[in-house]
Amino acid sequence: MALDEERAPSGALQRLPVDYLRDCAFLQGVDAGAMDSLAAAAVHFSLPAGQTLFEAGAPADGLYVVAGGRLAVQDAGGGPWLAHIGRGEVIGESGWLLAQERSARILALRDSELLWIGGEILDRIAAQSPSFCLAIARLCALRLRREHRHERPVAHASIFTIVPNSLEVDIAELATTLVRELAPFGRVELVWDVRATEQTSEWFNAIEEANDFVVYVAHARPSAWTRQCCRQADTLLLTACAGAPPRPWPHLESGRGAPDTMRSELVLLHAESGISGALTPWLSSAPVAQHHHVAGPQDIGRLARLISHRGVGLVLSGGGARGFAHLGVIRALREARIPLDYIGGASIGAIIAAGVAMGWSDEEMRERYRRSFVDTNPVNDYTFPFIALARGHKVSRLLQREFGQTAIEDLRVPFFCVSANLSTGRATEHTAGPVWQALRASVAIPGVLPPVFRGEEVLVDGAAINNLPVDVMHQHQPGFVIGVDVGADSSFTADAAQGEGPPLWRFFSKRHNGQRRINIFQVLMRAGMINSATTAKQQRELADLLLKPTLTNIDLLNWQAFDRAIDLGYDYACRALAQADSVPRIQATQMAKPRANSLAVELTRRLQLLKN
């Protein structure tokens, strides 16, 4: 659509009530006389985004036809939003038929246009038109069947609004790249003020109905256009420069459409090297559900996948030395061009996952973990076992050496890890604070390493409760979730006779007469994982793809099996991924040519005008 065509006089888009009624699928087949009577009685009005059409318990004064926009339904008791209502759909027919109060709350998600037809007129038309009565009966039967079958509502376009915090934000580059990255997932449209300031809600509705994604670009300063963009959005992308002093977003308050349905996420733009610690001051500028660090096109690709729920989440389990197999799996995933957009884990899986979130290459991870686990024994700072067999100082030093003081919230790739909270008996998710401290809690094997104390909470190894936290990953809704389980399901066996213990002089011997011995470290590690064995099966079933390398002959504390575990994990993952066609992959595509009426040229021009 050419720019001049887009800016056609808005009056050309105005329609009559009868035109809207003819768009309603439920009115198909209604006789002409009844349609004319409905159109003559219809009252056309606008409902801005964020406004309530009616509350549960309100009197039923007729029914409404959605001429344009989108509304949401919420039960009388509150809670989650049950359904969305789009153009051509009807609201309130049950209240009119039963002459009862409204049973749900209806809220406008978009600037919407509606027709209202009063109950008395509906009664009169129903008495005179059997075809109208039949249409209403079919509508009620259809909704009853949908409710009985728990059918999902029809999918609507996802609307994102980029809200720059200042004129220094390069929204032209961000918007154009974001649109390009969203394109593989569906039809996408970029809308800025020069295209839309003279358009009606009918034009906005047409844009949204024609696409799977729409990206609006707001002004950096408070304006009517910014308020309108914010009212249209499902997700606000609050965008700021990492090196700039944090500023509030006061112009958003009056522009928010439906605060309890809209999601805000912070996008922090960095120089290529990134700015450590830049996020924390910005988190106080506005409440956000998620944050994203952007220092290059690959980060915008991850942003596009996560906000559209087309990303890949990777969850790595605990398993002691068997966890080195994760390094081989990660190498295979990267070679298969599978994006790692969100990553988390428990115990040793958390440590490996943190390396990915730090942006380390396969070679760097291999080098770092070799020197921390193979070249030295991380748990040999023994002490009198008042709380644990080891002091834990050595593990803390090793973690600080590798991860420094980097905070979880500063990681380029979103990351979490879990520990077991002995105070509450539940798993604790770590999403903020120094990486090394969260990892220290996640690997605090009960009896082997001292717990981590956080206030009044006592935190130990996450594997004690949830060794494969796929459920936690699903809460972040990345899209496709891969679980990698290297747990000790079959690694803990001994050939010694029941009730038989080794003589003291053979205590440190691994084998005696060909029989494999177990030691107290193995006993404590395995005992710490027993409680999560029941949930492990459930967690595996939650994964969209489960990878479970065969590591039978690798013990929990066999750090010297480092290279062998990596190779086993890599070989297994390569074979499994070759047969996993459903796993999202990044396709190597050529850069698409920009549309003549959009993208960087026009946005850059508009930015220059604002600066002048």
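Biologist: Which residues of α12 are buried?

Modeller: First, the ground rules: this is a predicted model, where local features need pLDDT of at least 70, side-chain atom pairs count only at pLDDT 80 or more, and totals for chains, interfaces and linings use all residues. Residues are numbered from 1 along each chain as its sequence is written, and side-chain values use heavy atoms, with hydrogens and water left out. Buried means under 20% relative accessible area, exposed over 50%, and partly exposed in between (1.4 Å probe, protein chains only). Helix α12 has these buried residues: D299, I300, G301, R302, L303, A304, R305, L306 and I307.

Biologist: How many of the residues of helix α12 are buried, and where does the helix sit?

Modeller: Helices (H or I, at least four residues) and strands (E, at least two) are DSSP runs, numbered from the N terminus. Helix α12 covers residues 297–307 and is mostly covered. H309 follows α12, with a positive phi near 60 degrees. The buried count for α12 is 9 of its 11 residues.

Biologist: How many bridges pair strand β3 and strand β8?

Modeller: Strand β3 spans residues 62–68 and strand β8 residues 112–118. G62 has G118 of β8 as its bridge partner. The antiparallel pairing of β3 and β8 runs over 6 bridges.

Biologist: Why is strand β14 largely enclosed by the rest of the structure?

Modeller: Q290, H292 and V294 point one way from β14, and H291 and H293 the other way. In a regular strand the side chains alternate between the two faces of the sheet. Strand β14 (residues 290–294) is largely enclosed because the buried count is 5 of the 5 residues.

Biologist: Which residue of β14 is the bridge partner of V267?

Modeller: Strand β13 (residues 263–269) and β14 run parallel, joined by 5 bridges. The partner of V267 in β14 is H292.

Biologist: How far apart are the end C-alpha atoms of helix α21?

Modeller: Helix α21 (residues 562–578) has 17 residues. The expected span is 1.5 Å times one less than the number of residues.

Biologist: What do the buried residues of α21 pack against?

Modeller: Take I566, which lies in α21 and is buried at 5% relative accessible area. I566 touches F324, A325, L327, G328 and R366, not counting residues up to four places away in sequence. The C-alpha atoms of I566 and F324 are 5.6 Å apart, though 242 residues separate them along the chain. The buried residues of α21 pack against α13 (325–335), α15 (362–374) and β24 (545–547).

Biologist: Is the crossing of α16 and α17 left-handed or right-handed?

Modeller: The axes of helix α16 (residues 393–403) and helix α17 (residues 435–442) come within 9 Å and cross at roughly 145 degrees. A crossing is left-handed if the near helix is turned anticlockwise from the far one by less than a right angle, and right-handed if clockwise. The crossing of α16 and α17 is right-handed.

Biologist: How many disulfides are found in the whole structure?

Modeller: A disulfide is a pair of cysteine sulfur atoms within 2.5 Å. The whole-structure search finds 0 disulfides. For C229, the nearest cysteine sulfur belongs to C230, at 6.7 Å. The disulfide total is 0.

Conventions. Pairing = 2+ DSSP bridges. Contact = heavy atoms within 4.5 Å. Axes fitted to C-alpha atoms, helices over the stretch in contact; angles between N-to-C directions.
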